[in-house]
Amino acid sequence: MLTEQPNWLMQRAQLTPERIALIYEDQTVTFAELFAASKRMAEQLAAHSVRKGDTAAILLQNRAEMVYAVHACFLLGVKAVLLNTKLSTHERLFQLEDSSSGFLLTDSSFDRKEYEHIVQTIDVDELMKEAAGEMEIQAYMQMDATATLMYTSGTTGKPKGVQQTFGNHYFSAVSSALNLGITEQDRWLIALPLFHISGLSALFKSVIYGMTVVLHQRFSVSDVLDSINRHEVTMISAVQTMLASLLEETSRCPESIRCILLGGGPAPLPLLEECREKGFPVFQSYGMTETCSQIVTLSPEFSMEKLGSAGKPLFSCEIKIERDGQACEPFEHGEIMVKGPNVMKSYFNRESANEASFQNGWLKTGDLGYLDNEGFLYVLDRRSDLIISGGENIYPAEVESVLLSHPAVAEAGVSGAEDKKWGKVPHAYLVLHKSVSAEELKAYCKERLAKYKIPAKFFVLDRLPRNASNKLLRNRLKDARKGELL
């Protein structure tokens, strides 16, 4: 059993020091330079008393310094907590406390004072100017040790920290390579945030494969198309909104592109047909934070024949469908179960959630789906009520919890509504104690939730649809008689 590996960046810098590791704006960084910059940041962090075994949170936009920060944590033997920059301060404070983070690496675009009462804050731009002494780096990575912690909201509305090990990340990269292939010319463009696993996983693929990552701070159609042409990008990670925007602006897929890895749910038929017409090689996928990115992927050759399918499991991974503890027959609906070396170790400090989520080594995803007679997975419902908006996950229970804390709200239900731009947006259905405006509710939510989680519309109901056990039936909310709030 493989128990440890040499530090990926350290070894990559020894193997191919002059190969380009990172392109960001006008910066081009080789693997040797990436190692030197990351090691220097590690030394500077050590001067601030960051030590092996500590936990450090990272709150940064996509930029070169965020890449250095992640690798610096690994060189120090420090667990990295990736904080979503779109969250409210209230949400981030919970994650800092829950993860027992001792340090917060951020920059001037965030207000450090909001966090200083619970954590030591370090501005990476100020840090980079400081002197640093020599330190002994952690030359080896323990495969079962937690490398990163990412928070994902659950059906209870309380976010859980997903413990992703070095082994999880390594086998995710290897399984992906066995499916998508690797060439010497590959360059992977990332315009998704690095605090999401779909973005972060590319950094680990980069050092494991020896592949260039072309990093963008955010998605812009014109910038991405220009970058593809200038840097001869071959691969892109995307969500549906990004792909739709690229299709709008192009009559033909750029020649260098050989793979567009699409996450965030199956693509609709019109979008796939347009991709085929314009030569866009789309690989649909299914995955989650708990599986360190994709665990099931559909190749373009099956995209029309297996319309709506997420594909088959990656090499070394397994999927099955179960209902009431029994394996389902082909086309029989049940819960999607996954297994593989890329599946998380556990939720951090969530014993009851771990007991409920794992069964004989299989992770119960909470998603419903079925397998056809050839083993292709079809996802019917993402975690029951999950709303995927522009690639971001929104759990209704979390939004409902905030709405219920407002004095005017007696009951709250949230479900997703179709949206041309974002795929889906949250709509709120309320039973009120007293009258309240949509503007007041939005302002209240804005203080407590990320912008993308704030309901786009509010509706007043006499009562919410519930079953005999008084459980909220979110799938019936939009069918209930309603009057929109003014």
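Predicted model: local features only at pLDDT ≥ 70, side-chain atom pairs only at ≥ 80, totals over all residues.
Local features need pLDDT of at least 70 and side-chain atom pairs count only at pLDDT 80 or more, whereas totals for chains, interfaces and linings use all residues. Residues are numbered from 1 along each chain as its sequence is written, and side-chain values use heavy atoms, with hydrogens and water left out.

Helix 1 (residues 8–15) packs against helix 2 (residues 31–47) at an angle of about 145 degrees, with the axes 8 Å apart. Helices are DSSP runs (H or I, at least four residues), numbered from the N terminus; axes are lines fitted to C-alpha atoms over the stretch in contact, and angles run from 0 to 180 degrees between N-to-C directions. In this pair, Leu9, Met10, Arg12 and Ala13 of helix 1 meet Phe31, Ala32, Leu34, Phe35 and Ser38 of helix 2 (contact means heavy atoms within 4.5 Å).

Helix 1 also packs against helix 7 (residues 197–209), at an angle of about 40 degrees and with the axes 8 Å apart. Trp8, Leu9 and Arg12 of helix 1 make this contact with Phe204, Val207, Ile208 and Tyr209 of helix 7.

The largest nonpolar core has 69 residues, and Leu45, Ile58 and Leu82 have the most contacts inside it. Such a core is a set of buried Ala, Val, Leu, Ile, Met, Phe, Trp, Tyr and Cys residues joined through side-chain atoms within 4.5 Å, where buried means under 20% relative accessible area (1.4 Å probe, protein chains only). Helix 3 (residues 64–76) supplies the largest share of this core, 11 residues. A second, separate core of 27 residues includes Val224, Ile228, Leu262 and Leu272.

Methods
Helix = DSSP H or I, 4+ residues; strand = E, 2+ residues; numbered from the N terminus. Buried < 20%, exposed > 50% of the residue type's maximum accessible area, 1.4 Å probe, protein only.
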